[in-house]
Amino acid sequence: MNGEVLKVVEFKIRRYDPDEKKHYMSTYKVPIRKGTTVLDALNYIKENLDGTLTFRHSCRMGICGSCAVNINGKPMLACYTQVLDLNADSLTVEPLSNMPLIKDLVVDIQPFFQNFRKIKTTLIKPAEAFRRENEFPQSPEELKKFWDLTLCTKCAVCYSACPAAIDEKFLGPSALTANYRFIADSRDEGLEERLKPMTDNVWLCTSCNSCTLFCPKLVNCSDSVIEDRSLIVEMGAIPRTVKDVLESVMKYHNPMGTHQNKRMEWAKDLNVKTFPNVTKADVLYFVCCSTAYDIRNREIAKTMALVFGKLGVDYATLGEEEWCCGDHILRMGEKGLFEMLAEHNIEMFRKFNADKIVTLSPHCYNTFKNDKPYKDLGLNVQHYTEFLAEALENGKIKLSKPLNRRVAYHDPCFLGKRNRIYDAPRQILQSINGLELVEMKRTRESSFCCGGGAGRVWTEEAEQEKRPCVNRVKEALELGVDAIAVACPFCVTTLEDAMKVLDVENKIAVKDILELLKETL
Amino acid sequence: MEKYSHDIVIVGAGLAGLRAAVAAVEVNDKLDIAVISKLHPLRSHSVCAQGGTAAVMRDKDSFELHAWDTVKGADYLADQDVVEFFVQRAPREIVKMDHYGCPWSRTPDGKIDQRPFGGHSYPRACFAADMTGFHEMHALYGKATSYDKVKFYDEWFATSLLVENNTIVGLTAIDLKTGEMHAFQAKAVIIATGGHERIYEFTTFSHTTTGDGMAMAYRVGVPLEDMEFVQFHPTGLVPSGVLITEGARGEGGYLLNANGERFMKRYAPEKMELAPRDVVSRAEQTEILEGRAFTGPYGPYIALDLRHLGEEKINERLPLIRDVAIKLGGVDPVKEVIPIRPAAHYSMGGIKANIRTETPISGLYAAGECSCLSLHGANRLGTNSTAECLVFGAVAGEEAAKYVASKSFKEMPHEKIAAEEKRVFDEVLGSEGGESVPALRDEMRRLMNAKAWIYRKGDDLESALKEVRELKKRFKNIKVEDKGKAFNTGFTAALQLDFMLDLAEVTVVSALARTESRGAHSRLDYPKRDDEKWLVHTLAYYTTDGPKLEYQPVTITKWQPAARKY
């Protein structure tokens with residue numbers, strides 16, 4: 001390829017020599033022109049600098065799915081990525097995750113493809129229908145219902161990014177989406193048969209959205225899994241653990257299995273204004289079931305109240321009329337129950353008439369912003385980290401005491417990946433005197449889920465090593481930090497569980513940002 | 001070395017190979033079938049097929065018309081019995097794909113939709129947006145993997161066919177994961193490894209489609225037929241060569257020269273942009289040679305203009321093209337023209353096989369682009385290739401299944417296997433010369449582009465032949481830098497180049513001998529079609545001194561050669 005060399009980019013490539021069983025890094029400098037893709041660069045290295053560099057590639061037009069690799073921690077197709085678009089002078093290229101290494105950037109894709117053998121990847125209909133050699137009618141509208149899901153190239157990007165796929169029992173985003181693609185196909189009549197291979201593992205998905213975020217073909221795997229679950233819920237083939245959560249929400253309007261009249265116990269020593277005693281305030285403080293009921297998490301709820309007080313904010317909560325926001329419930333596939341919860345909360349929002357809603361949990365935040373029917377209200381909702389970052393920026397809070405801690409920040413998926421709030425939590429942490437903020441290896445968009453989303457926080461049954469939280473804590477331990485900072489009550493629960501499992505509670509702690517903040521006030 | 005045995009071994013897992021596997025198991029579900037591919041099946045080049053698959057589906061169309069379009073498109077070199085059989089079997093394949101789950105684009109009343117394509121006088125291209133091959137592949141793979149009796153050997157590189165007494169007995173292949181060579185014993189082998197256009201520099205082909213099966217068959221004595229007929233696709237994206245489907249013109253796209261002129265009116269006033277590919281590519285090349293092309297950092301180019309189609313139609317009918325143009329060409333076809341020029345795209349020639357896909361070796365079959373039946377003659381019509389893969393992939397599977405029913409496994413030729421091990425590991429991987437494989441490969445590609453391109457001349461071809469032979473000599477002196485066993489892609493690149501050099505030689509020798517212009521083969525020194533002398537198929541046989549050519553008459557059933565105008 002000709003054209004002017006616009007820059008020289010350094011490629012740091014993770015290598016593996018299977019004959020010597022040796023892991024190492026190689027660094028190369030590659031001249032980049034307009035149009036040079038990462039694959040072109042890899043080919044340039046192989047053909048000019050190092051003939052031993054090994055990677056897969058074929059179509060070089062983003063359709064065969066051969067060349068997926070991790071580039072600066074994000075899985076993508078090398079051939080479909082322009083080097084100039086990455087805006088970097090140095091790139092780290094690594095093999096995909098969750099699959100065994102063969103050599104350099106080549107991983108064994110069989111575990112990924114094995115999952116497709118567990119589902120039916122062809123139309124199911126009575127044999128008679130196939131004997132008639134006629135085309136099956138399908139309207140353009142019917143086609144549209146599943147067309148986007150047919151674009152999956154099976155490149156395994158999603159599988160590499162998936163936190164649930166560390167458990168090989170999980171079919172993975174791509175196979176679960178393929179299954180739903182057939183369910184949604186008007187020509188198919190195999191619904192019941194298709195649901196069976198999913199019932200014991202579909203619950204492992206945490207709805208972290210990594211699959212959808214990184215898919216080169218923009219296939220919405222994350223939502224497809226919810227559709228799969230929704231059908232399984234309808235059929236009633238759900239495990240006991242899932243059933244318990246749904247029944248609790250049905251009965252008590254929270255997943256904690258406790259009566260609503262205990263919801264405000266966290267605030268019993270505080271003077272927190274509560275609906276219906278108060279029907280108007282500047283800020284509606286939406287506490288979240290996990291922070292309201294879980295004794296460990298109540299400190300977080302209290303601290304927020306304390307901070308509101310210090311700031312002189314006119315705030316109130318819905319008290320016993322705050323029902324579960326339904327984020328987990330929707331993502332567990334119980335759409336009807338979610339709608340019931342949403343209807344109630346929306347009615348309260350209308351009665352309460354707040355200017356702004358501040359949530360403690362990214363999950364409440366996400367569902368209010370992005371899920372119908374909440375979404376249609378156009379609510380003015382902030383996650384507490386956004387609210388506090390603003391207050392800090394405006395000089396409204398003073399953090400007096402220094403805090404000498406080395407802390408890694410773990411991006412909650414529903415704050416980061418789903419809502420692109422990466423900076424506000426970091427701004428708060430950086431404004432704490434003495435606190436050393438360390439980035440995790442997998443951070444921001446590449447962050448690795450704690451494993452708590454979509455109800456898994458209450459249904460976790462995987463072996464210890466196959467729990468995302470255990471993997472995440474191990475990653476933090478490598479950094480030598482004394483705490484993992486989070487901004488989500490579910491991350492607190494899962495990561496703390498992992499610390500117990502690993503028996504490292506004396507080495508490392510998990511702290512909500514509010515808990516760290518409290519120590520400095 | 002381990003020995004594997006299967007009733008039928010299929011080499012290549014693109015459309016033809018997968019279709020063969022499904023057809024064979026449907027004929028006899030007791031058969032033990034293996035599919036060997038150097039790539040995972042879904043990485044096969046068939047997924048790059050975009051525009052559609054031709055079939056007569058509606059009353060207003062007819063087999064007669066599809067056959068006539070194909071024969072005329074072929075510049076009368078197609079075997080007409082094959083064409084007539086093909087058009088009749090194509091509709092069944094469309095329905096099969098539908099039954100497997102292919103998401104065909106639909107008409108408002110729920111029927112499979114069809115779009116116009118070059119050289120077809122009826123809109124008969126069934127399509128799944130502009131990812132037809134991709135969707136057919138995923139449908140077929142989904143079906144093929146639903147049979148327990150079809151065993152897949154993904155990422156196994158076949159190196160040679162084993163033939164005894166003019167009968168196939170098996171083949172050798174390297175398991176890329178371990179780097180070990182193993183022998184496969186088989187009663188029948190189906191070659192479905194695709195074309196060889198990676199012998200050219202500017203090509204629509206995947207990096208991995210290197211014509212291995214053609215070369216393997218050639219080396220065991222099967223003639224390669226009509227290899228001089230290479231199709232140049234009019235719209236290869238500049239600079240990568242990535243295919244921009246003819247469907248873009250089928251949907252109404254224009255070709256413009258630097259003066260903004262729809263120049264096709266001077267070359268094919270009636271069919272314009274939808275003339276057959278040989279006609280359009282020659283027109284573009286003439287515009288380039290006569291200085292009416294655009295000039296850019298990556299050489300001269302022609303503009304493919306889709307802007308007047310509007311964003312909605314482009315998104316619905318040509319979504320991949322838009323994405324590819326943005327990601328790889330840096331232009332959004334909704335707002336800008338797409339820079340294109342002709343690119344090597346398809347081999348009308350290939351392993352000589354008859355209407356039942358049988359090669360001259362008993363038990364050895366060939367289907368899809370690697371074969372030459374001859375369905376496409378001197379020029380293939382767009383959308384006839386995916387149709388061919390399906391129709392004749394199925395035929396190959398059915399014929400092989402019937403053949404093996406009465407056959408038993410033959411003794412494996414141990415000396416030949418040992419000789420192949422020596423060739424592959426000692427002479428290729430073990431070679432300690434100074435020549436670089438990528439450098440030799442690039443020299444081959446450049447010279448094929450320069451001297452065996454759209455317009456050809458005797459002296460160019462002679463010099464190309466000399467150069468290819470020089471490269472073959474230099475190949476004996478290569479050095480593969482990577483000496484590792486597992487997944488050694490430097491090693492497979494060397495094996496592929498070895499195959500491609502044979503195929504480049506056959507292409508040039510066949511082109512040099514054919515002193516006429518017909519279909520995609522245009523000789524500036526012999527500009528006229530010569531039916532007196534050249535209404536024949538070229539057969540190139542392997543000898544140690546290079547290909548030996550023989551000729552065979554064309555089968556004509558209904559349509560006598562006539563002038564070809566569009």
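Lys and Arg count as positive here and Asp and Glu as negative, while His and the chain ends are left out. With that in mind, welcome to this predicted model.

Q: How many positive and negative side chains does chain A have, and how far apart do the centres of the two sets lie?
A: Chain A carries 71 positive and 72 negative side chains. The centres of these two sets are 2 Å apart.

Q: What makes up chain A in terms of helices and strands?
A: You will find 21 helices and 15 strands in chain A.

Q: Why is A:F275 called buried?
A: Buried means under 20% relative accessible area. The value for A:F275 is 11%, so this residue is buried. In chain A, 63% of the 521 residues count as buried.

Q: Where along chain A is A:F275 found?
A: A:F275 sits in the loop between α10 (240–252) and β8 (283–286).

Q: How do you know that A:F275 touches A:E321?
A: Contact means heavy atoms within 4.5 Å, and A:E321 is among the residues that A:F275 touches, along with A:T317, A:L318, A:M348, A:K351 and A:F352. A:F275 and A:E321 are 46 residues apart along the chain, with their C-alpha atoms separated by 7.4 Å.

Methods:
Residues numbered from 1 in each chain as written. Chains lettered and ligands numbered in written order. Predicted model: local features only at pLDDT ≥ 70, side-chain atom pairs only at ≥ 80, totals over all residues. Heavy atoms only, no water. Helix = DSSP H or I, 4+ residues; strand = E, 2+ residues; numbered from the N terminus. Buried < 20%, exposed > 50% of the residue type's maximum accessible area, 1.4 Å probe, protein only. Charge placed at Lys NZ, Arg CZ, Asp CG, Glu CD. Lists of a residue's contacts leave out its neighbours within four places in sequence.
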